[in-house]
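Work through them with the structure open.

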2 protein chains.
Amino acid sequence: MKKSFEITASDSHSAARTGIIHTAHGPIHTPAFAPVASQGAVKALPHSMVKNLGAQLILVNSYHLYLRPGIKIIKKFGGIHSFISWPSPILSDSGGFQIYSLTPLARIKNDGVEFSSHLDGNKIFFSPENIIQIQQDLGTDIMMLLDYLLPYPSSKKDIQEAVRVTTQWAKRSRIFLQKNPTSQLVWGICQGGIHWDLRRQSMDELMDIGFDGYALGGLGIGEPKTQFMEMVERSGSHLPKHQPRYLMGIGYIKDILRAVECGVDLFDCVLPTRNARNGTLFTSTGKIVIKNKKYEKDRRPIDKGCSCYTCKNFSRAYLRHLYERQEIGSAILNTIHNLHFYLDIFQKIRQSIQSNSLGQLKCSIINEKVEEE
Amino acid sequence: MKKSFEITASDSHSAARTGIIHTAHGPIHTPAFAPVASQGAVKALPHSMVKNLGAQLILVNSYHLYLRPGIKIIKKFGGIHSFISWPSPILSDSGGFQIYSLTPLARIKNDGVEFSSHLDGNKIFFSPENIIQIQQDLGTDIMMLLDYLLPYPSSKKDIQEAVRVTTQWAKRSRIFLQKNPTSQLVWGICQGGIHWDLRRQSMDELMDIGFDGYALGGLGIGEPKTQFMEMVERSGSHLPKHQPRYLMGIGYIKDILRAVECGVDLFDCVLPTRNARNGTLFTSTGKIVIKNKKYEKDRRPIDKGCSCYTCKNFSRAYLRHLYERQEIGSAILNTIHNLHFYLDIFQKIRQSIQSNSLGQLKCSIINEKVEEE
């Protein structure tokens, strides 16, 4: 474990905090949002725009990059930063989620997981060790351990087994890392579904082994919102305060705000970018589905208070026209707006924690009816 | 006719000249290249990037905009500049080319053309008068007359008839404009295929009526290159020297350079943007097809001498990866490069005419094996 995280301010009304994750490619000011760049590119935006919008880091996916273009090519370039020309922090997901969601017949063993490529059906075997090796070759700033994820709902017995395997793999990962040390940050992923005893057990076992940060995995996959929130709240109280916490794949602003109050530091989600391409745009007063005919002559920007390039320059009518014509520009302009919307909220979250006013920010955002669901 | 064009320098070895087309939305320094934005957006680039690459004007298409979103909506916005938020000059094509290429059963009459929408088969009638009305509603800086275009090859008799109809429509256009004056520039389109007598007749008849500029239409549609070039050369000598000339839809750099020597001032073509999306990239030493496996590990930029954002930041290997993954970023980065390549050559063309060195520029570009065909 490295001293990679420092807390810079704490909210007096909740467990929220601001902090800095120190990485080899610069600091990440938390709470932070990582735009998803599974293949090494945030969809529909050149890196320069992603940076200008305020993204501090991006998330790439080990599973996808392993399949194509292959780790050998990326290694030849000296790692993923150089291959994709992104000079700032990069987090790599282990691909656990993709293995189980894209390849339903994955076979779990004590030493890893066997599955068929979703592209060509070729048999692939991923072990905790080679997932680390892959991420060492990628040279990402934060790497995630291989975990065992079950869909919701699954039996408690199965989830218990998933926790056992996840811990087992975490132990093997630690042994591998002792033999193959790295300056990259290594974060564990806790499982346990919506069973607090199992989730606590998973956290305890990972904390015993010791990693640089802890992620909550296997949440936001269809379980009732109250149980989801209970897990986040109780996990926030249980995880070591001085290490960063990461709530994987969660993108609804209300959930993010509540999770921040529970002490979560890092988020990622495809929601802003995927919705942008589907023509669903976030505003301070609710969602807009830009293809709706009612926007055909609408001279207003997406969100009148928004300072993004799209809102400063283009009307809803023009954006609807681009969407209807299937112009690539539609994806670009919509992604600029949605990503700005997210990154701007995260900046406000950080500012409000530092000025001890997170509660007011949360009320104002929720009162403005940010309804994403 | 307005005094909209001034010549600022002339090449002593050819008919090439630099000039300025003065429009309501600013000057266009010629020879100029208009990126194609048929639907009101250059494909795969936000306007800000198109401007930063040095585009002085864009081309929109009356036919496409008439069909969708409809002229009524654009008029409501006060015109196309406001609707699409492009503050610089815009040229609108009349849609003649689209009518004949997209709707093969178009029926030509003395008072206009009847055809079926390529979208839903609905019957539409375009007259020379309403094509002008549409472009007055669009409020473009340069509007083009409705012309009658035939495919190559067509019989000389048919082309003679096309010239007759084109002239007839130009006369009706002039009468309409006398009743409905506009400060927009109005340019005629000469037809005549590869028959010099017909093409000269077409030019003479349009020049007799008198327009602000003259375009060469119906070229680059499959005729032999020598005959194409003969028409451009002889037309260049025949058209009034002090008015701008526009060679429509021509994009091969060699042809552009030769046409500039014949005194052509304006060009447009989908070639750089369409090729970009298809993964074909222009370089000073020839074309690159980025999907080729040989670029899989290629660390070099597309073109080592190029100063565009794509070349300054990304390797061929990464661009191949994005293309193969069908990432939208592939279209964006490739379009940046190809459009920069074109606009940069046009800047060099203008500079070389002003320094009386167009011949050297042409040799150096052609010796570097710019092979687009």
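Q: What area is buried between chain A and chain B?
A: The model is predicted. Carbon and sulfur atoms give 64% of the area buried between the two chains. The total between chain A and chain B is about 3,400 Å².

Q: Which residues of chain A lose the most area to chain B?
A: Three residues stand out on this side, together giving 16% of what chain A buries. They are Phe77(A), Tyr318(A) and Glu327(A).

Q: How many residues does the contact take from chain A and from chain B?
A: Contact here requires heavy atoms within 4.5 Å. By that cut-off, the contact takes 40 residues from chain A and 40 residues from chain B.

Q: Which helix supplies the largest share of the side of chain A that touches chain B?
A: Several helices of chain A each supply at least two residues, among them H1 (47-52), H3 (71-76) and H13 (316-324). Helix H14 (328-354) is also one of this group. The largest share, five residues, comes from H14(A).

Q: How do the residues of the side of chain A that touches chain B divide into nonpolar, polar and charged?
A: Both polar and charged residues take part in this side, alongside nonpolar ones. The division is 20 nonpolar, 10 polar and 10 charged.

Q: Which residue of chain A forms a salt bridge with Glu327(B)?
A: The rule finds two salt bridges across the interface of chain A and chain B. The count of residue pairs in polar contact between these chains is 12. In the salt bridge of Glu327(B), the closest N and O atoms are 2.6 Å apart. The partner is Lys43(A).

Q: What rotation superposes chain A on chain B, and what relation is that?
A: The rotation is 180°, with 0.0 Å of shift along its axis and an RMSD of 0.0 Å. The same surface serves both copies, as 100% of the contact residues of chain A recur in chain B. A 180° rotation without shift is therefore the relation of a two-fold axis.

Q: Which residue of chain A comes closest to the rotation axis?
A: The distance is taken at the C-alpha, and the value is 3.7 Å. The residue is Ile328(A).

Q: Is Arg316(B) buried or exposed?
A: Arg316(B) lies in helix H13 of chain B. Beyond its neighbours within four places in sequence, Arg316(B) is in contact with residues including Ile288(B), Tyr295(B) and Asp298(B). A polar atom of its side chain lies 2.9 Å from the backbone oxygen of Ile302(B). The relative accessible area of Arg316(B) is 11%, so the residue is buried.

Note on methods: Residues are numbered from 1 along each chain as its sequence is written. Chains are lettered from A and ligands numbered from 1 in the order in which they are written. This is a predicted model: local features need pLDDT of at least 70, side-chain atom pairs count only at pLDDT 80 or more; totals for chains, interfaces and linings use all residues. Side-chain values use heavy atoms; hydrogens and water are left out. Buried area is the accessible area (1.4 Å probe) that two parts lose on being put together, summed over both. A salt bridge is a side-chain nitrogen of Lys or Arg within 4 Å of a carboxyl oxygen of Asp or Glu. A polar contact is a pair of N or O atoms within 3.5 Å; within protein, one must be able to donate a hydrogen and the other to accept it, and residues adjacent in sequence count only if both atoms are side-chain atoms. Helices (H or I, at least four residues) and strands (E, at least two) are DSSP runs, numbered from the N terminus. Ala, Val, Leu, Ile, Met, Phe, Trp, Tyr, Cys and Pro count as nonpolar, Asp, Glu, Lys and Arg as charged, and the others, Gly among them, as polar. Buried means under 20% relative accessible area, exposed over 50%, partly exposed in between (1.4 Å probe, protein chains only). Copies are superposed by least squares on the C-alpha atoms of residues with pLDDT of at least 70 in both.
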